[in-house]
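Q: Please take a close look at the salt bridges in this structure, and describe the pairs and their surroundings with care.

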Amino acid sequence: MLIHPDRLFPIEPAAREVARRLYEGIRDLPIVSPHGHTDPRWYAENEPFPDPATLFVIPDHYIFRMLYSQGVSLEDLGIPTRDGGPVERDPRAIWRRFAAHYHLFRGTPTRAWLDHTFATLFGFTERLCADNADVYYDRIDAALRTPEFRPRALFERFRIEAIATTESPLDPLKYHEIIRQSGWGGRVVTAYRPDPVVDPEFEGFRENLARFGEITGCDTATWSGYLEAHRKRRAFFRTYGATSTDHGHPTARTADLSRADAEALFRRVSTGEVGPEDAELFRAQMLTEMAAMSVEDGMVMQIHPGSFRNHNDAIFGRFGRDMGADIPTGTDYVRALKPLLDRFGNERNFTLILFTLDETSYSRELAPLAGHYPALKLGPAWWFFDAPEGMRRFRELTTETAGFYNTVGFNDDTRAYLSIPARHDVARRVDCAFLSQLVTTHRLGEDEAHEVAYDLAYRLAKEAYKL
């Protein structure tokens, strides 16, 4: 048996029975995936995935970062380089390397997601290893050639009710247009991720500003024209279903400058040499500006701070962004968010969803903030803590202060399409296990636990993200 039916449930018999009952009530609920990085081209073109390595290994930094840490080169895993240099082109060879190192994932959430996928989608009962690598490859490869494994068919098989992709303001959203014109009924929406035009330290920032102006017809050399470009682009994204914005800043710092000071700051970052303090202050001001726009247009705002992105200079130089070298940092929220919250924290028609890579902030900062300000909600355990123990700690450290209803359920935040059902299943099992402990210690009625399990698995995400 590759996956056990009681995985992630409590050991204690009474709690395990409660967890089983809770899980049975929610296991087949539709998936609402309000934030992630799947490719809209998949749904637009609905072409077969090319091979197992291209589907599972090459796009998934959870996989290749672990292999890289153990001495496997990214070139040997087929990861394309910026300069088009030589990399492994044989997908079977890539898959064999992955299989030979599968033991590295013992105890990790990646292992749980992969085993779930291998068992439920492809019928495997034996663990992947070097000896059965070709058996795995051939069965998966054959399945991918069938209509049942096309992206749209999998969307329906996974019972995805809605999924959001994430695009830059510079993206023309042509694949979302193709989806719309196709008449297919799957709900795939975009989300507005303005980092390339709000972060002065983003590579090509000034060129991005110029392109931003060309796309919108606004004078992005001026502060007022720049802000108007954002408003226009946000409106354009909303025509393709966008209900949210997303901001991946190094910190959660916000600012509320006077118009004159904001204009002067914009002139400095858009025309002169940008120092770290000006870059940070501009990002801080733009979080507050984005909040103001969200109050105007109703888009939900997400902040994903606390990542030292592209930490490995050599890897960034050779392969670019998102190569598994983004490392968590400590993050302050109480002081950092105060300028924004002073203006908008009490707005009941504004939702700001906070994520963190700093677990020490859960009970000290995030839960008390979300437990007070009407505008704030807590996003789920994210990235390095998107794991059973991380999810459990999240519930333990936030529920007593913020409750369940100042959180937004679960989102999978993935590029790995076939892992979506596995990730949601893990979250549902962990939440049922947590609730079972409340029931068996007589802190929650089982009838209430069933309602909470439903809310965490489905309703909260759907309502928080206006989907």
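A: **Salt bridges**

The count comes to 44 salt bridges, where a salt bridge is a side-chain nitrogen of Lys or Arg within 4 Å of a carboxyl oxygen of Asp or Glu. The model is predicted, so local features need pLDDT of at least 70 and side-chain atom pairs count only at pLDDT 80 or more, while totals for chains, interfaces and linings use all residues. Residues are numbered from 1 along each chain as its sequence is written, and side-chain values use heavy atoms, with hydrogens and water left out.

One of these pairs joins Asp134 and Arg96, with N to O at 2.9 Å. Because Asp134 lies in helix 7 (residues 133-144) and Arg96 in helix 5 (residues 91-100), the pair ties together parts that are 38 residues apart in sequence; helices here are DSSP runs of H or I with at least four residues, numbered from the N terminus. Asp134 is partly exposed, with a relative accessible area of 27%, and Arg96 is partly exposed at 42%, where buried means under 20%, exposed over 50% and partly exposed in between (1.4 Å probe, protein chains only). Both residues belong to a network of salt bridges that links Arg92, Arg96, Asp134 and Asp138.

Asp431 and Arg395 meet in a salt bridge of 3.0 Å, N to O. Asp431 lies in helix 19 (residues 420-440) and Arg395 in helix 18 (residues 388-402), so this pair ties together parts 36 residues apart in sequence. Asp431 is buried at 8% relative accessibility, and Arg395 is buried at 3%.

Methods
Helices (H or I, at least four residues) and strands (E, at least two) are DSSP runs, numbered from the N terminus.
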